[in-house]
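My entries follow the display.

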Amino acid sequence: MNLPDHAPLDPAQRAALESFLPSLRSDQATWLSGFLAGTQSGGGAVAAAAPAAKKPEVTILFGTESGNCEVLADQTAKLAKSSGFKPKVRNMSETKAGDLAKVGNLLVVVSTWGDGDPPDAAAAFHEELMGDSAPKLDEISFSVCALGDTSYEKFCETGKQVDKRLEELGAKRIHVRQDCDVDYEDPWKTWAEAAISALPQPAAAGAPAAVAVGTLAPAEAIPVPATYDKKNPWQAEILEKINLNGSGSVKETWHLELSLEDSGLSYLPGDALGVIPENRPEDVEDIIIAGKLDNAIADDLRTQYDITTLSSRFVGKYNELAQSKKLSELLSAEKKAELKDWLWGRQIVDLLEEFPVDGLTAEQFTGLLRKLQPRLYSIASSLQAHEDEVHLTVAAVRYETHGRDRVGVASTYLADRVAKGENVPVYFHANKNFRLPADNNTPVVMVGPGTGIAPFRAFLEERVATDAQGKNWLFFGDQRYMFDFLYQLEWQEYFAEGQLHKLSTAFSRDQKHKIYVQDRMREESAALYQWLEDGAHFYVCGDASRMAKDVHQALLEIVAKEGGKSEKDAEAYVDALRKAKRYQRDVY
């Protein structure tokens, strides 16, 4: 910054200011200008300050399943604040669609879950917004950032729906929607800066002008991440590694204990551990052979890229190189169902083999790939019980399709490719939507079949370590009692000592008629309803596609039966549990 020649400053003062002023953030410069304007030139006394400009408000609304959108909403708020706005962050789980009529500026960050569904906690808001009773929103200026995963057909579907519906209700879109894939950080930041710059910024009459539109804090003004995170993981030593299944089981479930010593890291029951895996060397070799690629790319394929996930989007980008007539036909709108059938069970290596590209270069191929993503695992331990440790419960995924052996990238990385005494790169991912009750006297009901048992091991350890007086009821299910009763001795010891008050198990393959956890819930319907009436919190962890839906349906039936309620009233009862955070799910 060069000061004008007529500035009444000596050379030393001029040099000092020219060095100092460029380092100021916009909010610091605004404060300093006001301070100097209010200072008398003679004695240095501060005159009465001019009225401050009224900061325009902006509401940042988020809907999240795993917590990513909440983090981004908080960071969006900090960017907005540094641009002269007064931000207010709101969770869709605690917001009614009617509340939006009172909002002027609105920024939305929302993810899509499952097959195009809204996040569990945002379902009620989403239903109301899409319904006939949604309010007119003619006075709103808005923009939407949507999080999703391109490997799913309905990529960013919830964000697209919210964006379209806000416009239908009369709101003015001031910046185009941003659709983010699993690598969302950079696209989100680009959207946030542009959307905030596009918001109207009225200044109070007679007050100093608001901060210039588009003036944002430098990157370092965004909250500094934790010492160890996704980009800088902690190298956790494996202290223990045990296969929890018996020798007669068709399953393979690993209990891993990892060291946090000297990391300074901590977590709460309900949180997840992010594991940064590597691809199986055999899969890397198959890709190189199928694509006729230079072997020099092997290390990058092993550690940097997702080389397995095959989606319609990937096929479309690949066909720009392959120019295959068959792929072009499959990618047409009328062949959508056929493409979905063809994709099922196939991976990128199958595409390379069936539709080779002559002269495919490493740069062309890696340009099509997504980054290899961390995998989040529900934590199976409490720091209160295991100081400086974090435990996981991981099912190794192995199967065969189209004549080729397939594996889960992260699960078999942990099962096969890292041993006791070796290190695994990890970081913590907070899950505020899956927490024990604040009141230790509150009873809890936990439904966790298979590896869904993981967070409930953490819950029980925490409740015992803190001498919680609330009753605990666990529903656990798997295939066979003799081989698949994960952590059996621990549960039985808790039960014998009166720390686990009810234990209901369902082993589906131990009799001709399959029995699942939802069946045990129905058998215990009177007691379960009474626990809810007594204030119990109800938790579910595990498979989202079937188990969680079946458990939810059983819960509705139990409330209707035992509470003497209609179907509609039972839904309202369960929805009230959800809104009160007494019904929480960690499903995947």
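I took a salt bridge to be a side-chain nitrogen of Lys or Arg within 4 Å of a carboxyl oxygen of Asp or Glu. The model is predicted, so I note that local features need pLDDT of at least 70 and side-chain atom pairs pLDDT 80 or more, while totals for chains, interfaces and linings use all residues. Residues are numbered from 1 along each chain as its sequence is written, and side-chain values use heavy atoms, without hydrogens and water.

Entry: salt bridges.
I found 41 salt bridges in the structure. I looked up Asp-350 and Arg-406, whose side chains form a salt bridge at 2.9 Å, N to O. This pair joins helix 12 (residues 348-354) to strand 13 (residues 404-407), 56 residues apart; helices (H or I, at least four residues) and strands (E, at least two) are DSSP runs, numbered from the N terminus. Both Asp-350 and Arg-406 are buried, that is, under 20% relative accessible area, with exposed over 50% and partly exposed in between (1.4 Å probe, protein chains only).

I next noted the salt bridge of Arg-457 with Glu-490, also 2.9 Å, N to O. Arg-457 is buried at 4% relative accessibility, whereas Glu-490 is partly exposed at 26%.

I recorded a network of salt bridges that links Asp-120, Asp-575, Arg-578, Lys-579 and Arg-585.

Entry: helix packing.
I saw that His-126, Leu-129 and Met-130 of helix 4 contact residues of helix 5, including Gln-161 and Arg-165; contact means heavy atoms within 4.5 Å.
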